[in-house]
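The exercises below are meant to be worked with the sequence and the coordinates open side by side. Please try each task before reading its solution.

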Amino acid sequence: MYRKQVRRRRAVLALLVVGSFALLTITYGQGSNGVQRGVSTIFSPVQSVADRALKPARDLINWFDKTFDARGKESRLQSELEVARKQAVGVKAALAENAQLRKLVQLDRGGAIPGGYQPVTGRVIARSPTIWFADVTVDVGSGDGVKLNDPVINGDGLIGTVSAVTPGSSQVALIADNSSAVSAKVVPVGVQGVVKPNVGDPGDLILDFIDSAKHVHRGQVVVTAGWRGQGIDSRFPPNIPIGEISRASLEEQEAQQQVHVRPYADLRELDLIQVLTGGWRG
Amino acid sequence: MILTRKIVVRLVAIGLLAVILQLSFFSQVAVFHTSPDILPAVVVSLGLLGGTMTGAVSGFALGFLLDCLLVQPLGGGSLVLLAVGYLAGMFRERFEIHSPLVPPLLCMVLTLFAELGFGALALMLGVDSAVSTLVIRDLLIKSIFAFFLGWPIYLGLRRLLRPALVEEPIVRPRSGRRPSVLGA
C-alpha cells in the first residue's frame, strides 16, 4: 500500500516536470497563445478592479520608499538644476531655430507624438514579480486598437513595446526587459546605436554599437532613431525621448562602443501609459 | 493533508488570490527599490502544510497561472515553483518543525532558490543583455522580504486549511524521534 502510494507520487511528480518542459518547448518564442489569451481575457477585469482597489495601499508604501530616496537626491538635484538653467537658454534658441526649419521642410507635426499615431491611454494593472523579466500588463488591448509591437510611452518618454495582445489587455515589454533593443540616436551629435537593458537595473540602460570615432558626453539626450528603409522600418517613430547619457567614459566608448543611459521614465513605478497605435511600422 | 471538495476550493481560491495580489499589489510596490515576491512563500507554506504532492501541484498551478497572465513562455514559472513546493514538502516529511523560525527561514531560502531558478531559466532561454550586479542586491532583499512575509502567510494558510491538516501527536517516544531542525 505504502509502495503504491510512493509510486503514485513519483508518477505525478514526473508528469508535472515533463509537463513543464513540454509547455516550455512548445510555447517558447511564440508570443501569446490561445490559453494565455483566454486566461488574460478572464482575469484582466479582475486585475483591473484589484489594481484600483489596492492603489491607495500601494501608494502609501511607495511614498515611504520615495521619502527615503528623496533625501539622498536633494543635493544632486540642486546641482543638476543649475546646469539645466544654463542649458535652458540654449534650448530656447534652438527651439526657435527648429520651428523655422520645420516650417521650411513642412515637418511640423505640432506635438511630441509623431503624426499618424493615435495614442491610447491605459493603466498598468500588473507587473512581473521576478527581476529577470521587466514586463507590465496594461488594461487596453486589441479592442482599443492596440496591435503587437506598438510603441508605449508615458509622460517622461519611451517605456517599451507591446509584446502580446488580448482583447482587453496587453503585455508591454519594457525597455529594461532582456528582450528589448531600441534603435536610438544621441542628440545633437547624431551618434546612432541600440539601447539595450542592463538586466536587474532598470535605472541604467546601455547604448551599444555606437561609432567610437564620435564621442558623446554625459547629459546628452538619447531619442529613438526611427529609421525607415526600403521594406524594413524601425518599430519606433523618431525623436521619442528615451533618456540621457549618465556615464560615458572614453575607454568604454572606444573599447566596447557603449555608454550608459539613464531613462527618463521611472520604469519601477509606472501607472498611466500611452500606446501609440497606427502609424508606420516594419 | 486530507483533500475534500471544500479544501480543494479553498486551495484554488488561495492560489488565485495570491497571484492577483502579487501582480496587482506586491509587484508594484517598491521598498528599497525591490518588490516583494509572495508566490514562493505561498508555495513553501502549502508544501510545509500538505507535503510534497500538495507543494508540487500547487507550485505547478501557481506558476502556470503566472505565466498565463504575464504572457511568458508557459512552463518556466511552473517548473521553478514546482521545485520550490516539492522541496518544502520534502522538508516537512523528513524533519519536524519545532521552531517558529523554520517556516520564515525556509520561505527566505526557497525564495532565493526560486529567484535563482528564474534567472537560470532566463539565461538558458537566451538573455542577450548585460546583467547588472544589482541583481544580487535585489535577490537578497527579496529573500529578506520573504522571511518577514513568510510567517504571516504560513500562519494564515494554516488557519485556513486547519480542517484538512493531519495533526501529529505532540509527545513521541524518545526512540521514535525524527531529526529536527532549529529545535530540541
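A polar contact is a pair of N or O atoms within 3.5 Å, where, within protein, one atom must be able to donate a hydrogen and the other to accept it. With this rule, 12 residue pairs are in polar contact across the interface of chain B and chain A, both residues of each pair being at pLDDT 80 or more. That condition is set because this is a predicted model.

**Exercise 1. The interface of the two chains**

Task: Describe the contact between chain B and chain A by its residues and its buried area, and then work out which elements and residues of chain B supply it.

Solution.
Step 1. Begin with the residues in contact, of which chain B gives 56 and chain A gives 55.
Step 2. Turn next to area, since the size of an interface is often given as the accessible area lost when the parts come together. Here about 5200 Å² is buried between chain B and chain A, and carbon and sulfur atoms give 68% of that area. On the side of chain B, the residues B:Gln28, B:Val71 and B:Leu74 supply 13% of the area that this chain buries against chain A, which is more than any other three residues.
Step 3. Look for charged pairs across the interface, where the rule finds 1 salt bridge. The side chains of B:Glu93 and A:Arg9 meet in a salt bridge with an N to O distance of 3.4 Å.
Step 4. Assign the side of chain B that touches chain A to its elements: α1 (5-24), α3 (52-70), α4 (76-94), α5 (102-124), β2 (130-131) and α6 each supply at least two residues. The largest share, 12 residues, comes from α3(B).
Step 5. Sort the residues of this side of chain B by kind, which gives 35 nonpolar, 13 polar and 8 charged residues.

**Exercise 2. A residue of chain A that touches chain B**

Task: Decide whether A:Asn62 is buried or exposed, and list what it touches.

Solution.
Step 1. Locate A:Asn62, which is found in helix α2 (residues 34-105) of chain A.
Step 2. Compare its relative accessible area with the cut-off: A:Asn62 has 8% and is therefore buried, because buried means under 20%.
Step 3. Leaving aside residues up to four places away in sequence, A:Asn62 touches A:Glu269, B:Gln28, B:Val29 and B:Ala30.

**Exercise 3. Aromatic pairs in chain B**

Task: Classify the ring pair B:Phe91 and B:Phe95, and then the ring pair B:Trp151 and B:Tyr154.

Solution.
Step 1. A pair of aromatic rings is described by the distance of the centres and the angle of the planes. Over all chains, the structure holds 6 aromatic pairs.
Step 2. For B:Phe91 and B:Phe95 the centres are 5.0 Å apart and the planes make 45°, and the pair is tilted. B:Phe91 counts as buried at 14% relative accessibility, whereas B:Phe95, at 29%, is partly exposed.
Step 3. For B:Trp151 and B:Tyr154 the centres are 6.1 Å apart and the planes make 20°, so the pair is stacked, because planes under 30 degrees apart count as such. These two residues are 3 residues apart in helix α6 (residues 134-160) of chain B, and so are separated by about one helical turn. B:Trp151 is partly exposed at 30% relative accessibility, while B:Tyr154 is buried at 7%.

**Exercise 4. Residues in loops**

Task: Examine the backbone at A:Pro188, A:Phe209 and B:His33, and the side chain of A:Ser249.

Solution.
Step 1. A:Pro188 is found in the loop between β6 (182-187) and β7 (192-199) of chain A, and the peptide bond from A:Val187 to A:Pro188 is cis, with omega near 10°.
Step 2. A:Phe209, although not a glycine, has a positive phi of about 60°. A:Phe209 lies in the loop between β8 (205-208) and β9 (221-224) of chain A and counts as exposed at 54% relative accessibility.
Step 3. B:His33 likewise has a positive phi, near 65°, and its place is in the loop between α1 and α2 (39-50) of chain B. Its relative accessible area is 28%, and B:His33 is partly exposed.
Step 4. A:Ser249 is in the loop between β10 (241-247) and α3 (250-256) of chain A, where its side chain reaches the backbone nitrogen of A:Glu252 at 3.2 Å.

Technical notes:
Residues numbered from 1 in each chain as written. Chains lettered and ligands numbered in written order. Predicted model: local features only at pLDDT ≥ 70, side-chain atom pairs only at ≥ 80, totals over all residues. Heavy atoms only, no water. Phe/Tyr/Trp six-rings, centres within 6.5 Å; stacked < 30°, edge-to-face > 60°. Buried < 20%, exposed > 50% of the residue type's maximum accessible area, 1.4 Å probe, protein only. Helix = DSSP H or I, 4+ residues; strand = E, 2+ residues; numbered from the N terminus. Contact = heavy atoms within 4.5 Å. Buried area = accessible area lost by both parts, 1.4 Å probe. Salt bridge = Lys/Arg side-chain N within 4 Å of Asp/Glu carboxyl O. Nonpolar A, V, L, I, M, F, W, Y, C, P; charged D, E, K, R; others polar.
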